[in-house]
Structure formats: structure tokens, C-alpha cells
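Colleague: I am new to this structure and would like to learn how to read it. Please show it to me, and then I will ask about its features.

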Amino acid sequence: MKGLVALCLLLAQPALAETAADRFAPKRGFSTDIWVEWKSLNDLLQTPGFLDVYPDYPRHVAPGTFARLHAQGFDTVRIAADPSPMLALAGTARQGGFLTNLRQRVVEAQAAGLKVILDMHTYPHTGEVGDIDRILTRPADFDAYLQMLSQVAEIIADLDPERTALELMNEPTQDCAAIYSAPATSDWPSKLARLHDVARKAAPDLPLVLSGACWGGAKGLSVLDPKAVHDDNVIWSFHSYDPFTFSHQGANWNDSPLMFVQGLPYPPDGLTDAGAADIVAKAKVRAAVAAGPMAEAGAALTLGAMIDDYRAASGAEMTEAIDAAVVWADANAIPHDRLLLGEFGALWISDTGELLDADSHARFLSDKRRAAEAAGIGWAVWSFSGSFGITDPQSQLYPQVCTALGLMKC
């Protein structure tokens, strides 16, 4: 019945005119790293030469890597650029250098055969200029971001719109209460419209990549009215790391007992009672050694409940975000190739470079990728290197990742 309703809605909508977004149509993408070496904003600004390469992934990407990845089947790279230094040095010659570097990164990637999404990759770094929460809650910071976004859009506006797109803001964190606990107030739609209008004025022809609120998930996308931006030259992005308990086990930035978990297999039905008990016991030991707030007596109980929920998860959790995006797109007569699974992946590499569970990781990537492709949705895996990385220290694609992503020459 739901499918029939969606079909009726789709047939009732007028056909959309083809735009550069349709011709851009990313299919298989990967994201670059935000930073190769993580520093506070103050440290990176004061370290001589640190920002001469911006974004700094060329520091560890071997020459010819992007061309090789293109030959293996990737058609798109999502270049993640932290806007913090540009915001901190607004109006200075150094900011001009950052803009020049951004354009150079785009042109280099396109010379390797790839289409490029230039991603303004905001993220939480509390108390610093460029912190996503600060941008979204302080009017002066949001205005500064709009001005910077206009400059970024302008610097790439003349590039081929069938091979160049601009992502306006990564994972806006606000409006979670409005999305999950209505009737709270929604603030993101008005901000998204302002971001869109500024970028569209500076780059009239480029496809713009937009997303919903609450970390850019499909739930945030599903409550947006796409007509609010009055623009068909748009790619609508959503991120999915579900099941989160698997994809973020061991993430030391995750403020929950999940940061102490290792060894959860994928799919969930591969976890036995004995295996679950062993994972909880070992996580409890790690929490005790850390002696942090997650080492409290209740942490093991919380962990046990999380793992029980994971084991009870069905295949629907893996595809829930994709299904929700499709329903939203169909209800709004948006072609599926104007949707993008803009991030997915899982932590599978330790801080020392050990591959933690390559088989589970490959199964996870394969299932998520296949679900997106079955729906006619392009994807961009997260990310080039690091704990979620798809390449080894020599910038070679891990063979099992290559196979899981359905690529060639693995």
C-alpha cells in the first residue's frame, strides 16, 4: 500500500527538467580525510607551514592515487575541507591562499578523471571558531560562515558543472529534538535556505549538495520541504552508519560505553550468547583501566543492553535510512540519482594500524553499498584513511574493501 501511495504521488507530480545535478550524478565515491594530523585550531594556525597544504591529504596521498582509484571504478571524490582556518583568518591574505588551494585540489582530482564534491566539512570542536554548534547557534558566526561559503562558491564557480559540486555544510547538528520529539521548533530549514541562496548567487550553475538536520541523517532529510529552496539543480545527501553499535564500536571520541567495545561481528546474528558475554566482560575491563566516567558500575549494564539491541536488529536497520530517503524522494518527485548516500562506513582499523575484523567490515560495506545501488542511489564511502580507512599506508585500496564496494581490479 505504501508503495502504491508513493507511486500515485510520483505520477501526480510534473516531471522535473534536467539539470547539471542530473548529469553530475555521482555513483561511486570516497571521501578524503579532514586532517592527516589533528591539531587544535590555535596549534594548526601557529605551526609554521602546516596550512601551506590545504586540505592536507596530499601529505600522505601518493602521486597517481586518485587516477588509480578512478581506474578501479570510483567516479567521484568528496573533498572534505574543514572551514575553521578560513573562518579564523577571514579577510587576510592567508584566507585567500586557502581558497586558491581549494580550487587547486578540485582541479587536480578532476585531472585524475574524478568528479568532485567540495565538502565544507564542519564538525564539533567545542570552543573554537568553526565549531558546528557555534556556527548554528551564534548569529554572528553563521553570518561569517555565509560570507566564507560565498567565497568558496565563487572560487570554483567557473568549473565544469557536470564535474563539480559544492556541499554547503557537513552534518548540521541542530533540530534533533524537533525531528524526534515534535512539536519542538525547527530552525534548520531557514538556515538551509540562506546557505543555498548565498551559494547559488555565487555559483549559478554548480550542483549544490544539501542535507537535513540532526547530523545529516535520512530522518532529517525526510522532514524537509525541498520546494523551499526553489532549485532543481540540487543533490540531496544523507549519511548512514547504522547499525551504529557495529560501525562505531571502539570509537574513542564516542562518549558512551561503546568506546570500550571490540569484537562485535556483522551481521548481528553471528554473535552468540557466549560471545556477547565475553565482549561485555572485556569492555568492562577496558573501562576500568581508563578510569573515566564510563567506568561506572552501570556501564556494563548499559553495554549489555546496547549489545542485546544490536543482536535483535534485523536487516531493516541496515537499509532504514535508504528506505526513508527513497520514500521522501518519491513523495517529492525527486529522481533517485539526485540522492546521495554521502557517508557510510565502519571503524575497523586500530590506532596502531591493526585490522580488527576485516570480514565483518567487508560484509557491512557490501550490504550498505548494495542497498543504495538497488535503490538507484549513488554513494561515497568514509573515508580515504584513518580508523574508517579504505586504503593502506601505501595509498593502495584494501582488496577486501575493493571487492565489497563492487569495484574493479581488486
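Colleague: How many bridges join strand β2 to β3?

Modeller: First, the ground rules. This is a predicted model, where local features need pLDDT of at least 70 and side-chain atom pairs count only at pLDDT 80 or more, while totals for chains, interfaces and linings use all residues. Residues are numbered from 1 along each chain as its sequence is written, and side-chain values use heavy atoms, with hydrogens and water left out. Strands (E, at least two residues) and helices (H or I, at least four) are DSSP runs, numbered from the N terminus. Two strands pair if DSSP finds at least two bridges between them. Here, six bridges join β2 (residues 76-81) to β3, and the two run parallel. R78 has I117 as its bridge partner in β3.

Colleague: In what order do the strands close into a barrel?

Modeller: Eight strands close the barrel, in the order β1-β2-β3-β4-β5-β6-β7-β8, with parallel pairing. From one strand to the next, the twist averages 25°. For angles, axes are lines fitted to C-alpha atoms, for helices over the stretch in contact, and values run from 0 to 180 degrees between N-to-C directions.

Colleague: Over how many bridges do β1 and β8 pair?

Modeller: Three bridges, in the parallel sense, between β1 (residues 28-31) and β8 (residues 378-381). G29 stands opposite A380 in β8.

Colleague: Which strands does helix α16 lie across?

Modeller: Contact means heavy atoms within 4.5 Å. Helix α16 (residues 358-374) lies across β1, β7 (339-343) and β8. The helix runs at about 155° to β8.

Colleague: Why is β3 called largely enclosed?

Modeller: Look at burial. Buried means under 20% relative accessible area, exposed over 50%, and partly exposed in between, with a 1.4 Å probe and protein chains only. Six of the six residues of β3 are buried, so the rest of the structure largely encloses this strand. K115, I117 and D119 point one way, and V116, L118 and M120 the other.

Colleague: Which way do the residues of β4 point?

Modeller: T164 and L166 point one way from β4 (residues 164-167), A165 and E167 the other, and all are buried. Four bridges join β3 (residues 115-120) to β4, with V116 opposite T164. On to β5 (residues 208-211): β4 pairs with this strand over two bridges, in the parallel sense. V209 in β5 is the bridge partner of E167.

Colleague: Is S237 buried or exposed?

Modeller: S237 counts as buried, at 1% relative accessibility. This residue is found in β6 (residues 234-239). Leaving out residues up to four places away in sequence, S237 touches V209, L210, S211, G212, G216, L221, L340 and G342.

Colleague: How many disulfides does a search of the whole structure find?

Modeller: A disulfide is a covalent bond between the sulfur atoms of two cysteines. The test is a pair of cysteine sulfur atoms within 2.5 Å. The search finds two disulfides. C176 and C214 form one, with sulfur atoms 2.1 Å apart. This pair links distant parts of the chain, 38 residues apart: C176 in helix α9 (residues 176-180), C214 in the loop between β5 and α11 (218-222). C176 is partly exposed at 24% relative accessibility, while C214 is buried at 13%.

Colleague: Why is the disulfide of C402 and C410 left-handed?

Modeller: The torsion about its S-S bond is about -70°, so the disulfide of C402 and C410 is left-handed. The link of C176 and C214 is right-handed, with 105° about the S-S bond. C402 is buried at 0% relative accessible area, whereas C410 is partly exposed at 45%.
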